[in-house]
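This briefing collects computed geometric features for a single protein model. Please read it alongside the coordinates, topic by topic.

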Amino acid sequence: HGNEPNQSSQKLRYLEWGCIAVSLGLGMGVSSAFTLMSLSEDTLDMLMWGTILIFGGLGLLTAHFIRQWFGTK
């Protein structure tokens with residue numbers, strides 16, 4: 001049927017966005033632990049943004065692999 005690939009692609013797209021959103025949320029949660037440390041404001045900002053970006057990148061990689069593994073059947 002003509003609609004099945006579009007529905008599958010749409011489901012994968014939502015799953016990809018979910019991976020990215022969850023990973024960014026995890027990055028923000030982990031980076032909030034740095035506020036408990038006695039660090040300078042510049043170091044704290046750098047660690048927080050770095051952690052969020054690293055987790056965001058992991059979410060993008062996860063979304064990419066999900067697209068490859070489940071999208072090419």
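The protein has two helices and zero strands, where helices (H or I, at least four residues) and strands (E, at least two) are DSSP runs, numbered from the N terminus. This is a predicted model, in which local features need pLDDT of at least 70 and side-chain atom pairs count only at pLDDT 80 or more, while totals for chains, interfaces and linings use all residues. Residues are numbered from 1 along each chain as its sequence is written, and side-chain values use heavy atoms, with hydrogens and water left out.

**Overall surface and contacts**

- Of the 73 residues of the protein, 21% count as buried, a class that means under 20% relative accessible area, with exposed standing for over 50% and partly exposed for values in between (1.4 Å probe, protein chains only).
- The accessible surface of the protein amounts to about 5,600 Å², and 68% of this area belongs to carbon and sulfur atoms; accessible areas come from the Shrake-Rupley method with a 1.4 Å probe, and for residues only the protein chains shown count as cover.
- Taking contacts between residues at least 6 apart in sequence, 70% join residues at least 24 apart, with contact meaning heavy atoms within 4.5 Å.

**The salt bridge between the helices**

- A search of the whole structure finds one salt bridge, defined as a side-chain nitrogen of Lys or Arg within 4 Å of a carboxyl oxygen of Asp or Glu.
- The side chains that meet in this salt bridge are those of R67 and E16, at 2.9 Å from N to O, and the pair links distant parts of the chain, since R67 lies in helix α2 and E16 in helix α1, 51 residues apart.
- Side chains of opposite charge can pair when their charged atoms come close.
- The two partners fall into separate accessibility classes: R67 is partly exposed, with a relative accessible area of 27%, whereas E16 counts as buried at 15%.
- Apart from residues up to four places away in sequence, E16 touches A63 and R67.

- S23 has its place in helix α1, which spans residues 3–32, and S23 is buried, its relative accessible area being 8%.
- A polar atom of the S23 side chain lies 3.1 Å from the backbone oxygen of F55, and once neighbours within four places in sequence are left aside, S23 is in contact with F55, G56 and G59.
- I52, which lies in helix α2, is buried as well, with a relative accessible area of 14%.
- Not counting residues up to four places away in sequence, I52 touches L24, G27, M28 and S31; for one of these, S31, the C-alpha atom is separated from that of I52 by 6.9 Å, although the two residues are 21 apart along the chain.
- M28 is found in helix α1 and is partly exposed, with a relative accessible area of 49%.
- The C-alpha atoms of M28 and W49 are separated by 8.5 Å, and these residues are likewise 21 apart along the chain.

- Because F65 and W69 are four residues apart in helix α2 (residues 41–71), about one helical turn separates them.
- F65 counts as partly exposed at 35% relative accessibility, while W69 is exposed, with a relative accessible area of 58%.

Notes: A polar contact is a pair of N or O atoms within 3.5 Å; within protein, one must be able to donate a hydrogen and the other to accept it, and residues adjacent in sequence count only if both atoms are side-chain atoms.
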